[in-house]
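Hi there,

Here's the structure I promised to send over.

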Amino acid sequence: MMKTSHGFALAGIAIILLAIAPLIVSDYWTGVLLGMTGYVTLATAWALFSGPTRYISLATVAFFGVGAYTVAVLNEALPYPLVLICAAGIGMVMALVVGLSTLRLAGVYFVIFTFGLAELVRQTVSWWEVNVTYTMGRYVFLPFEGRHIYWQLLALAVVTFLIAWTIGRSRIGLALKALGDDETVAAHAGVDVTRIKLLLFVISSTIITLVGAIQAPRWTYIEPSIVFNPTVSFMTLIMALLGGAMRLWGPLVGAVPLFLLFEWLSVSFPDHFSIILGLLFILIVFVMPNGVLAKIEDLRKRGRA
Amino acid sequence: MLEHVVNGLVLGGTYALVAMGLTIQYGIARIMNLGFGDMIIAACFATYVLSTTLSINPIVSLLIIVPAGYAVSDVIYRVLMKPLVDRAPDDGALEVDSILVTFGLLFVIQGVLLAIFGGGYTSYSFLNTPVNVLGTVVAGNRLLALVLSLLIGGALVVILFRSRWGMILRAVALAPHSAPLFGIDTDRAARTAFAIGGAMAATGGVVVSMFQTFTATAGVVFTMKALIVVILGGKGSVPGAIVAGLLLGLVETFVAAYVDPGLTLAAVYTVFLVLLLVRPNGLFGKA
């Protein structure tokens, strides 16, 4: 294996190259990089919780949308850094409430709960806007160009990776591996299962909220059906699964090719996008149930034997 | 008031009907089918096409669409689900895999419907004559939908609890690992259950299309409501699905009438969450 110091040096070079990219490439490609970094962050944050716990969360867009909406509501009232802090705070509190009330639900109960959460939040926000604030849709006026948003997302992606890496190496990481293997055994071995799950859920959801908040200025006009689009949850899920949710680099490996593929598909086949997305989903489950990285390891092992 | 009760029961009847299909699929075949709602919508569009192009009466079209739903689901089970069942080391793994694959199915069906019919609201006119029930006026198509739901749902309950065939299915649901010891072909039972579920989805689609507008993208909401009914009633419980379905229909109709039509899903969801926290196994569930 590569030494950690070498790994850090390589990662550092990659980050610097990525950071100067928008000064060189066209606006179109800056936009692509931006979207890609957003999804890499979403998928990594998703896997932070769902990888080790194996709880399939479909709540991604609920938090993403809340982040975007917070910016839409507060962008003229507060300075931008404070708006981001508010968004993170709201995401965190929401994750705590959701986590405390549902993390004891296992398997399919959790899937369905998170499946509906986005829809619930969307309906509640729409209702609130129509009946209480009498607005439908809001404008976000922030003096950001694509590259400014991209740099923020890149920074968030780096932080997310550092968090995932630190957790993987810590005592919590060890407990998590036990938890993923067998929750009952882990609980008997003295792992405070619920508390660890809650902690991970809150960290993961807060990052996801921030991704939504940072991306909000990209749409100058925001309404619930735009920012609570369930496709975001599905894409995040499929990207993390394709790469392998149990590994640090898995979501990245899944998100980059899939994002490029989806970008190309939605331009070339806008009418059949959903069919292709569905077939891809089925294919991934059948061919690579544990993700690409696991598949490569498998093939390597077989090659050596 | 009474008008809302009747409308709530109509809606609840259809929810109970489709939830019965889903609970049979989940309870017996152990597959959580997230494409269920899209099968319902596909049946809605099929009824629409038969009604508008060939002027086939929706009731008659049941005779075409329901067997088709059975056959299609049978094929889906053989092609997509059986390999997953064979490879899954335990029930948990099958649950996760089936959720992911049926997601794919959801997108495929939805995409096909979008490509053919577009994203707009669709409906056709059928039996839109007012009928007087206990002093309130109800649309004839709604009343028919309720009657059909009760008849078909009731027939299924009778079959499940009174026939030998139903007993085999229930045995597999109750003890999947010991059922083979009594000479029961669990694979066949699972496939049959999945196909019956598909037939119920088709039935639900035909019935719903008689009185509601639908869109190609409405499947997700149907799946969610059916799932909520299944869980409220207790996983795998048919009587639970009926009670919970009616309850949900009433809650929705009353919230729409007295609070705000935009909050129906929020209300349903709140009921779901409260019940889940108080009775984690549902109304009729066993621990």
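Which helices of chain B do the buried residues of α2(B) pack against? They pack against α1 (2-28), α3 (58-87), α4 (91-117), α7 (186-211) and α8 (219-233) of chain B, with contact meaning heavy atoms within 4.5 Å. Helices here are DSSP runs (H or I, at least four residues), numbered from the N terminus.

Before you read on: this is a predicted model, where local features need pLDDT of at least 70, side-chain atom pairs count only at pLDDT 80 or more, and totals for chains, interfaces and linings use all residues. Residues are numbered from 1 along each chain as its sequence is written, chains are lettered from A and ligands numbered from 1 in the order in which they are written, and side-chain values use heavy atoms, leaving out hydrogens and water.

Back to α2(B): this helix covers residues 36-53. Its buried residues (under 20% relative accessible area, 1.4 Å probe, protein chains only) include Phe36(B), Met39(B), Ile40(B) and Asp38(B). Just after the helix, Ser55(B) has a positive phi of about 40 degrees.

Now the interface. Chain A puts in 36 residues and chain B 39. Together they bury about 3300 Å², 80% of it on carbon and sulfur atoms; that is the accessible area (1.4 Å probe) the two parts lose on being put together, summed over both. In chain A, Tyr109(A), Phe115(A) and Phe286(A) lose the most area to chain B, together 19% of what that side buries.

Cheers

Notes: Helices (H or I, at least four residues) and strands (E, at least two) are DSSP runs, numbered from the N terminus. The expected span of a helix is 1.5 Å times one less than its number of residues. Buried means under 20% relative accessible area, exposed over 50%, partly exposed in between (1.4 Å probe, protein chains only).
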